[in-house]
Amino acid sequence: MNLKEFAARIGLSPTTVSRAMSGYPEVKSQTRARVLEAAERLGYRPNISAQRLATGRAGAIGIVFQGGGRFGPHSSEFMGGLSTRLQEDGIDILVSTVETEADEEAAYRRLAASKRVDAVILHMPACTDARITLLQALDLPFIVHGRSAAQKPFAFLDIDNFGAIETATQHLAGLGHRRIALINGDTVSTYARDRDDGFRAALAAHGITIDPALIGHGEFTDETGFRLMQSFLAQRPAPTAVIAGSMMSALGAMRAIRIAGLTVGQDVSLIAHDDVFPYLSPDNLMPAVTTTQSPIRAAPPDAPDKGSLRKISCRHRHARSSQNPRP
């Protein structure tokens, strides 16, 4: 049915129905609820093109992924949560993948000029990110998934990366470990820098000398975790514990430990961050792995106020396997 027919069925004017479904604030909440309930019951869907002409909104948000490590399992989890949340408001997602920074800048400029999206989400920000300055100059509304330094305030949402790795490091140090390794992401990104800082702060608090040879950076993949863990085990003395920045790199670290003839949880203790993948449960690994959890699918809630911060707490889950240091 069209708008006129639907409005007649529920005894309201087409204008009131249109404004209620478009979210106009002057429509009473009771009226909006009545319209939405009737639309669901009768199967009415507004004409999207007409609605966009009436509201001046595109009814879509954009997200641009740059090639390399910017799109992977973590990004897939984020997109899953994002799409689920936006569907509740009938908002579409326009996804672009590009290869270079120049291509990404051009993509944002096209989105701003074409008016095809109402806002964009900025993913994996750098410590100082030129994309934020660009979006502010383009006057294109945006929210950042992560933190970054900028001259002007902006809306962003982040977990406590510093606290997550600090907590994991304190846990291991409290068990008596003094040779603790860290598999981290590229510190050009704020989250990886914060994790590095949390790791170093926890070691310093326990009077443990920081060994740069036990801190590795790279993409969160099985292969990166494997290669970094191999390099850690080649050190003398070798580490008795390792913190992996994701479950993917933890898999590689576990493989390197096994190939070295050692046992996870006995010879080398392991804590993994980002226990987020439904298809990769730390409880099902052999042995089970202690994790901190950052719920990536829960990352796209209602946007916070401009310049504010929402922290998503990291759950610390203890494994059943031993986490004691070697004698």
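This report covers the overall make-up of a predicted model, the packing of helices H6 and H7, and helix H9.

The chain has 327 residues, of which 45% are buried. Its secondary structure consists of eleven helices and twelve strands. Among contacts with a separation of 6 or more, 66% are between residues 24 or more positions apart.

**Helices H6 and H7**

Two packed helices are described by the angle between their axes and the distance between the axes. H6 and H7 pack at about 20°, and their axes are 10 Å apart. Angles under 35 degrees count as roughly parallel, so H6 is roughly parallel to H7. Their crossing is right-handed. The residues that make the contact are listed below.

| Helix | Residues | Contact residues |
|---|---|---|
| H6 | 101–114 | Glu104, Glu105, Tyr108, Arg109, Ala112 |
| H7 | 130–138 | Arg131, Leu134, Leu135, Leu138 |

By class, this contact of H6 with H7 holds five nonpolar and four charged residues, with no polar ones.

**Helix H9**

H9 covers residues 190–205, which is 16 residues; at 1.5 Å a residue the helix should span 22 Å, and this agrees with the 22 Å between its end C-alpha atoms. The buried residues of H9 are Thr190, Tyr191, Ala192, Asp194, Arg195, Asp196, Gly198, Phe199, Ala202 and Leu203. Charged residues are among them, including Asp194, Arg195 and Asp196. The buried residues of H9 pack against helix H8 (161–174) and against strands S6 (180–184), S7 (215–217) and S8 (241–244). After H9 comes Gly207, which has a positive phi near 70°.

Conventions. Residues numbered from 1 in each chain as written. Predicted model: local features only at pLDDT ≥ 70, side-chain atom pairs only at ≥ 80, totals over all residues. Heavy atoms only, no water. Axes fitted to C-alpha atoms, helices over the stretch in contact; angles between N-to-C directions. Helix = DSSP H or I, 4+ residues; strand = E, 2+ residues; numbered from the N terminus. Parallel < 35°, antiparallel > 145°, perpendicular 65-115°, else oblique. Left-handed = near helix turned anticlockwise from the far one by under 90°. Contact = heavy atoms within 4.5 Å. Expected span 1.5 Å × (residues − 1). Buried < 20%, exposed > 50% of the residue type's maximum accessible area, 1.4 Å probe, protein only.
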